[in-house]
Each structure stands twice: as C-alpha cells, then as structure tokens.
Amino acid sequence: MRAAIASAALAATVAGAALAQDNTIIQIERYRQMLQEGNPAELLVVRGEGLWQEKRGPKNVSLAACDLGLGAGVVKGAYIQMPRYFADADQVMDFETRLVHCMVSLQGFKREELTKTPYSGAGQRQTDIESLTAFVVEQSRGAKIAVPQEHPQEKASFDRGRYLFYMRAGPYDFACSTCHGVDNQRIRLQDLPNFEKPEPAQRAFATWPAYRVSQGALRTMQWRLWDCFRQMRWPEPIFASQATVDLTTYLGVRAAGGKMDSPSIKR
Amino acid sequence: MPDPMRIRATAQPDGVDVRVLMSHEMETGQRRDSGGTLVPAHHITNVTVMHAGKVVLSAEWGPAVSKNPYMQFKFQGGKKGDEITVTWLDNKGETRTDKAVIN
Amino acid sequence: MKTSRRRFTQATSVFSLLAAAGLVPAHAQQPGWNKAAFEAKSMNDALKALGGAGVAESKDIAITAPDIAENGAVVPVGVASKIPNTQAVYILVEKNPNWLAAGFNIPQGTEANVATRIKMGQTSNVLALVKANNQFFVATKEVKVTLGGCGG
Amino acid sequence: MKKSLIFVVTIAALAGCETLYTPPTEQETQAVIKAGFRDRGIAKVERLNQSELQQQCTKHGNNPPKDVRARLEKAALATVKYPADGNWLGDFKLGERIAQTGAGLQWTDSPQSVAGGNCYACHQLSKAEISYGNIGPTLYNYGKLRGSGEGVARYTWAKIWNTNSFNACSSMPRFGDAGVLTEEQIRHLMALLLDPNSPVNK
C-alpha cells in the first residue's frame, strides 16, 4: 500500500493534485477496513453448509461423497489445491467445475440447468453454486494456496492459462496483463494486482470469492474472470470451460504460498 | 422462509456487545428490473432485541439500510450464558426470530 | 410459527393504519413504523414526523463514517451520543430521495452508540439526529461517494 | 521379486518423468481458448481472432523489435481520419461526460447504446474528479502545458484515434479506429483536453 502511495505521488506531475489523491487512497483504505467487521458472506456460508449436507437432486443424496481432490467428502483445505487434475473426469477442474461435476454425477442434477445461470442477478437469491462455494472456501481460510503442478495436464493447464493471460484481443486490444501485469496500477481507485509478482498475486487470489457490497452478493472466482472479460470487451466466457479453469490454474500457481482469506468483503 | 441471522453477543467489562447480520434484500422500490418494471420496495421495517424479557434495542428501518443489514450496539445487565433474542419484521409481513447465547 | 407470524402481521397493519390516520403517536407501541418520517424530504419534515419542534447542533454526538466511500451501496455509519438521557438516534442522508435511513430507540441500560450500514446515492452530508429529554440535537459529516470499475 | 520391483520403479519414474510433458502448441491453446467463449449480444467470439497488431504485441510482450514497431506504427497512423472540416474542438462539457462514461461494446450493451471513452479509468483529467486511474499518464493541464497549436491538435487527435500511431502496443484502446467513439465525440474530448476553459486546464 505504502509503495502504491509513493509511486502515485511520483507519477503525478501536479503536486497539489497528487497530495489530494494520496489522501483519497488513505481514506478508501479506511473504508475497506470498516467493511471488514460483519461480512454478509457469513450468512451464505451457513446456507452453503446446509446445502452440502442436505439430500438433494433427482437421486436424493448429499454431497458427502463428492471428492474435491483430498478424498470423498473432505472439504477442509480442499479449495486451496484446486484447480487440479481429476482422474475420474480425466481433466483439470477448478472448484466450481468440480462442484458441478459432483452435483451432476452424484445428485443427478442436469448440467445445463446448473450452468445456465450460475450467478445470481440483482434482487435474486444467491444460487446454490454460490452458496456451496462460500461454504467450501471458508473451510480453507488460513491455509496456504497450493495449486498442484505435477500431472502433465496440470502443467498444460498452466501453460494455456499463461497464454490466455497475455493474449490481446477484442475491440479494446486488452489482455489480462494490460491491467494485471504492472505494479501499482489502478482503474479509477481500484487496485489492480500484478500477477507477475508473488505478493500481489497471493493477496488477490486469497481474497476471492468475495462479497461485493456494490452488488450485495457473494461472487466466485468464475464470476471474477467472467466480469473481467465483459469489461475487456471480450465475448462471454462459458461457465466452467477449460479456458477459464486454465486461467485460474495460472493465477493460482502464481499465488502459491498465499494465505487464503476468503470469503472476503470488497467494494 | 428467510435465512437465519448471524448473531454475536460478547460479554465485555462495559456491557454486552451485540453484532447482528441479517439476510434481507432491502429492495429500495426505486430499482427497475431488466424489463424496465419498478421493483416494489421490500425492506425490514423493525428490529427488536430482547434480553431477559426486556427490550434492549428497537429499531425502525427504511429501504436505505444496506442489503443484508448489519447492526451493532451495546447494553448493560447481561452476562455470559444469558440468551438474547433478535426479531425482524419487514414491510411484507415476513418475520424472523433468532436466538444467541452471550459468550 | 405460522400463527404467531400472522398475528404479528395483523397487529402491525392495524397499527400502521392507526398511525397513518394519526390516531396513535409513533413509538407508542412496538412494532410501529413511522411512515411520515421515512418519507421526509427535509430536516423539518423529519423533525415534524418524529415529534420535534426545533433542533440544535451538538458536539456531544460523534459520527463514525468514512470520508470517502468506495461504493454507495454500503456505507458504514456509527453514531455515539454523550447527551444524557438519549432516547433515540436517527441516521439521515441529505441527498437521498428520502432522508431518514434508520432510527434506533435506546432504552435505559443501552449505550447510545449504534452502528449500521446505509445506502447513499451520491456524495452527501450524513446527519445524526439524537432525541434526548424530548429535545432534538444534530451532528453532520460529509461522505464522498466515488465511482468505480471500468464497465459503467 | 527383485526384477519386478525394478520394473515397478521404472514405470513410476517414467510416469512422473518431466520429459513426458510436452507443452500444448499455440494452435491447441487457441482452440481451447476459443471453445471457452461464446457469442453474447454484441460481443461475438470472432473478437478473439487477433489482428496483426494484437498478434505482434502478444508475441513480443508489447515490446516489438524496431522494424516491427516501425511497421505497426506506420500502419496505425494510416488509419487516422482527421476531421474533414478542420474543426478540432467540440464542447468540453460533453467531453467531460464522455470521459466519465465507461459503457460500450460489452455484451451487456445494446448495439444502439452510445459508448463512452472512460478516460478517468486510466487518466487524471479535471482536478474535481478524485476517482481516477493511473494506467495512463495524468492529463491534468494537458492543454495548458502544451498549448493549442495545430501540431498539438493533430497529434492529440491521432493519439485518440489510434494510439499505436506513436507507441505500438500501447495499452490504450484505438478509440477512433476501433469504432468506439464517433468523430464528434472525439472532438468533444479534444475540447476537454485543449480548450483553455476546460476544467482540465484550470
């Protein structure tokens, strides 16, 4: 933070204006601090836990047999080791992709129905995917991000993700790296973590999913990428597509060792 | 059925600190849906916190309280192990009551 | 559960009818909702609806709120009153369509120190109105609301 | 017994062996990426077909070798359409509004919706707006520092129309060339930057 303030001060040529913005950044930081007490995501964690344990779907079973990579039903610490390779599906999956896989294969839900509207809209109740994500990610709070890179498919996922991260396209010529490949950049007053550096990458990855106060909803990692691509003027990323998983693999590996602190609360 | 609240009540030297998170849309009545129709207001109007049969806080809220409301206050006379009850009521007549033990 | 909810609702609607007709004063019983106060579009209207005649500025009211809110949908606001016999605390936003956001009745034994989160449509003064000894006092703080994101 | 143990170890070593991994080709990668997106509203998958500029900038990490750079800049400058009537400056008040607005070309925007320039996302402009980004340099006092001669106007117009004219692989969108803003909108932005009465130059 301090570095950001210092560099903002250096970059601005008009001293008075720069000082005004220094103060702005300090005040925004204070606002963010004030939000920390009382994160409505807690409400969703409770709901998600209920959904995880409840017998649901056409097959009327709970998700207790869902293997998130650490064995059937193991939820604690599961989130931080995803995306990972799953032999039963022969592909690399992030948490949300794996969750859908479990809901389809174990509970008998229809994939198309689950993935049609994975994110809740304004005035809507949060989706089951969002609620379950809140619960599972909470079980990794404090654990260190350790997205695996052992299986060849995990390595391929990383390589494709890196390619996607730097790929410029669309009418604005934007790549992810346009905003997230340089230190201390901001859009308006929002900090843009540089994923080429471990520390900002860790901080960013560790704080998603997050409760977004601007939307009054918990937003997942898939949503985070989806909304970035919207603003990049790209076409719509398909929920749980391999490309989105690959990008998350890339970001997760970049963030290795970061301490999970999610669900967080953001503007 | 509305989702349960999250209530934290902690006995401190200068009173019981109460923090409550409620699950509620708090629709302002000024937002339009994607079809352009005004979404009617839907918000909590009243919150009551009881301890030992006595009201320790009552609130009246309008739609300008944030979605998924948060509230914090402190009262005297409670001790560890006591129970407090929080009730909210909204403008559609829906209500929810949750209890928490002071710790 | 169901019956008690229905009874609660009925009691409220009867009460609000009476309140709307001006047959019972606000806060005369619980739960009531002071419709006129929540529709107030000025300090005078709000005061009138809350049963006040005048208002005095007070240094014994402290507002805890950010100078700048990154988003107007959630602005944390706390109000602490050191005025003896504080009975109620109200949070108002000057530039919201309706000024009054929330009111808290403070029974004896409860600290006149409450915090919640409110919505603000734009940069505005936030007012903390305090009722003590049946008189009204006020303190003011400006909160700037900024724009964010790159898709709006 | 011993033999089979060695056999097992060899298999395990092979299975976990680094050399077994061959990275996906560029073609394979692009196929996976394209399969991961879909048309929505005005945002079609064809937006992922990279232009020459996008390809070169991606390939060279936005720092192309000298000859490539010169070629890209020349091609970019050739796209610039200067105002036919020689009228550079519009209304700075409308320019400020365009600089504040970030809508346009997203899958949530309708084809009829008027796009903004969203300048404040990346630049400081007027002093009154405290919520500005820092991806681009500050433009506060842009006209005051540079004057309002024909050369400055011509350069600024070209910069907004196609930023790559002077800096290939710049992070800024090609507001004129990519059809984000109309000629009239660019004129208003020009006024915001160069008009002596604009808040930018106060």
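This is a predicted model: local features need pLDDT of at least 70, side-chain atom pairs count only at pLDDT 80 or more; totals for chains, interfaces and linings use all residues.
The position of A:T220 is in the loop between β6 (217-219) and α10 of chain A. Because its relative accessibility is 1%, A:T220 counts as buried. One of its neighbours, A:E96, is also a polar partner: the side chains of A:T220 and A:E96 make a polar contact at 2.7 Å.

The contact draws on 22 residues of chain A and 19 residues of chain C. Between them the two chains bury about 1,800 Å², and 57% of this area is on carbon and sulfur atoms.

Polar and charged interactions also cross this interface. There are 9 residue pairs in polar contact between chain A and chain C, with both residues at pLDDT 80 or more. The rule for salt bridges finds 1 across the interface. This salt bridge pairs A:R32 with C:E70, and their closest N and O atoms are 2.6 Å apart. On the side of chain A that touches chain C, α2(A) supplies the largest share, with 8 residues. Sorted by class, that side has 9 nonpolar, 6 polar and 7 charged residues.

The discussion now turns to the cysteines. Over all chains, a search of the whole structure finds 2 disulfides. In chain A, the disulfide is between A:C66 and A:C102, with an S to S distance of 2.0 Å. The angle about this S-S bond is 80 degrees, and the link of A:C66 and A:C102 is right-handed. Distant parts of the chain are linked in this way: A:C66 is in the loop between α3 (41-53) and β1 (84-86) of chain A, whereas A:C102 is in helix α4 (residues 95-105), and the two cysteines are 36 residues apart. With a relative accessibility of 0%, A:C66 counts as buried; A:C102, at 2%, counts as buried too.

In chain D, the disulfide is formed by D:C57 and D:C169, whose sulfur atoms are 2.0 Å apart. Here the torsion about the S-S bond is about -85 degrees, and the disulfide is therefore left-handed. Because D:C57 lies in helix α3 (residues 52-59) of chain D and D:C169 in the loop between α7 (150-161) and α8 (183-194), the pair ties together parts that are 112 residues apart in sequence. Both D:C57 and D:C169 are buried.

Key: Residues are numbered from 1 along each chain as its sequence is written. Chains are lettered from A and ligands numbered from 1 in the order in which they are written. Side-chain values use heavy atoms; hydrogens and water are left out. Contact means heavy atoms within 4.5 Å. Buried area is the accessible area (1.4 Å probe) that two parts lose on being put together, summed over both. A salt bridge is a side-chain nitrogen of Lys or Arg within 4 Å of a carboxyl oxygen of Asp or Glu. A polar contact is a pair of N or O atoms within 3.5 Å; within protein, one must be able to donate a hydrogen and the other to accept it, and residues adjacent in sequence count only if both atoms are side-chain atoms. Helices (H or I, at least four residues) and strands (E, at least two) are DSSP runs, numbered from the N terminus. Ala, Val, Leu, Ile, Met, Phe, Trp, Tyr, Cys and Pro count as nonpolar, Asp, Glu, Lys and Arg as charged, and the others, Gly among them, as polar. A disulfide is a pair of cysteine sulfur atoms within 2.5 Å. Buried means under 20% relative accessible area, exposed over 50%, partly exposed in between (1.4 Å probe, protein chains only).
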